[in-house]
Structure formats: structure tokens, C-alpha cells
Amino acid sequence: MTDLVSERLILRPWDTSDVNAVVEGVRQPSWAADFPAEGDTVIAGVIASNPEWLSPFGHRLIIERATSEVVGSLGLFWPPSDGRVEIGYGVVPSRQGLGYASEATAALTSFALSLEEVHTVHASVEPTNPASARVLEKAGFTRYADTAELISYRRTVS
């Protein structure tokens with residue numbers, strides 16, 4: 001499986017050893033001190049139960065190029081439904097506010113939109129999470145729907 005590389009990050013697909021280490025709580029030397037965050041642990045558990053998610057289209061670790069440390073994860077909820085795929089992301093607290101989530105989200109979204117079977121990448125955030133909304137806006141997503149519980153964003157093939 002191919003890594004995606006952006007200016008400051010490498011997005012590497014999870015492998016079985018990554019999943020097992022997170023699920024079993026075995027710290028790895030390549031992890032930032034605060035990795036895994038709660039969301040990473042949840043995703044690792046889901047991947048452990050659904051090994052087919054270990055694919056180039058699934059979930060990836062976010063690796064900071066300057067340090068080679070894992071600083072978060074993100075992923076596409078594959079397969080697409082009617083050409084649409086959802087994206088989720090998270091960066092550990094020690095690296096938040098540096099633009100990593102937006103950079104990683106933009107890179108994985110561009111990858112997804114280059115695939116023949118995808119024309120839209122979407123995500124929803126709670127109104128109480130403006131930082132996550134900013135991540136999507138900086139990654140080129142536009143707001144297209146609101147409810148009391150969620151604000152929906154999307155980026156489409158141009």
C-alpha cells in the first residue's frame with residue numbers, strides 16, 4: 001500500500017502490527033508521547049474486528065515528517081455509497097493547532113477524489129466543535145447542510 005506524502009506529513013496505511021499495538025496498549029518508539037488518543041484506540045478496535053479495513057482506501061496513521069512520530073490518524077469509511085465517502089480525522093493534543101489535521105485531510109481527500117468511484121468526500125461535525133469545522137474549511141470543504149446536531153461539509157471533484 002502506498003503512503004501519501006504532503007509538505008509536513010506522511011499518511012501511512014495502518015497494518016496489523018499497528019492495530020495490535022494500539023489494541024494491546026503496547027507503546028511503540030515511533031509514537032508521539034500522547035498517541036494513541038481515544039479516537040485512535042476506537043478505530044484500532046474497529047479495524048481489529050474488520051480486517052478488510054486494512055486497505056489503501058481505509059485508515060491511515062499521520063506521521064510527522066520532521067520527527068517520524070505518529071501524531072494521529074484519519075481515514076475514509078470505505079466503500080463509497082453512490083460515489084460518496086466519509087472522512088474522519090484526529091491529531092493528538094501535542095500537535096493540535098499546527099494545521100496537521102487540515103493538511104492530512106486535504107491530502108487524503110485529494111487521493112479519494114482521484115479515484116474513479118468517488119466524486120464526493122463528506123464529513124459532519126457537531127456545532128460545539130468549531131475547531132473540527134475549521135479543519136474541513138481549510139482542507140477545501142464547503143458547508144452544505146445544518147441540523148441542530150450536525151453541520152455537514154463536502155468536497156467534490158472539480
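**Entry 1: strands 2 and 3.** I looked up the pairing of strand 2 (residues 9-13) with strand 3 (residues 59-64) and found that the two run antiparallel, joined by 5 bridges. Two strands count as paired if DSSP finds at least two bridges between them. Within this pair, I noted Pro-13 opposite Arg-60 in strand 3.

**Entry 2: basis of the work.** I recorded that the model is predicted, that local features need pLDDT of at least 70 and side-chain atom pairs pLDDT 80 or more, while totals for chains, interfaces and linings use all residues. Residues are numbered from 1 along each chain as its sequence is written, and side-chain values use heavy atoms, with hydrogens and water left out.

**Entry 3: the elements.** I listed 4 helices and 8 strands in the chain. Helices (H or I, at least four residues) and strands (E, at least two) are DSSP runs, numbered from the N terminus. Along the sequence I read the pattern β-β-α-α-β-β-β-α-β-α-β-β.

Entry 4: I traced an open sheet of 8 strands in the order 1-2-3-4-5-6-8-7, with mixed pairing. Strand 1 (4-5) and strand 7 (142-146) stand at the edges with a single partner strand each, so one side of each has no neighbour in the sheet.

Entry 5: I then examined strand 4 (residues 69-81) and strand 5 (residues 84-91), which pair in the antiparallel sense over 7 bridges. Phe-77 stands opposite Glu-86 in strand 5. The two strands form a hairpin with 2 residues between them, and Asp-82 in the turn has a positive phi of about 50°. Strand 5 also pairs with strand 6 (residues 120-125), here in the parallel sense over 3 bridges. I noted Val-121 in strand 6 as the bridge partner of Val-85.

**Entry 6: the whole chain.** I compared the radius of gyration (over C-alpha atoms) with the globule rule, 2.2 Å times the number of residues to the power 0.38. For 158 residues a compact globule would have a value near 15 Å, and the chain agrees, with 15 Å. The C-alpha trace spans about 40 × 30 × 30 Å along its principal axes. Buried residues make up 42% of the 158 residues; buried means under 20% relative accessible area, with a 1.4 Å probe and protein chains only. Finally, I looked up contacts (heavy atoms within 4.5 Å). Among those between residues at least 6 apart in sequence, 59% join residues at least 24 apart.

Note on methods: Buried means under 20% relative accessible area, exposed over 50%, partly exposed in between (1.4 Å probe, protein chains only).
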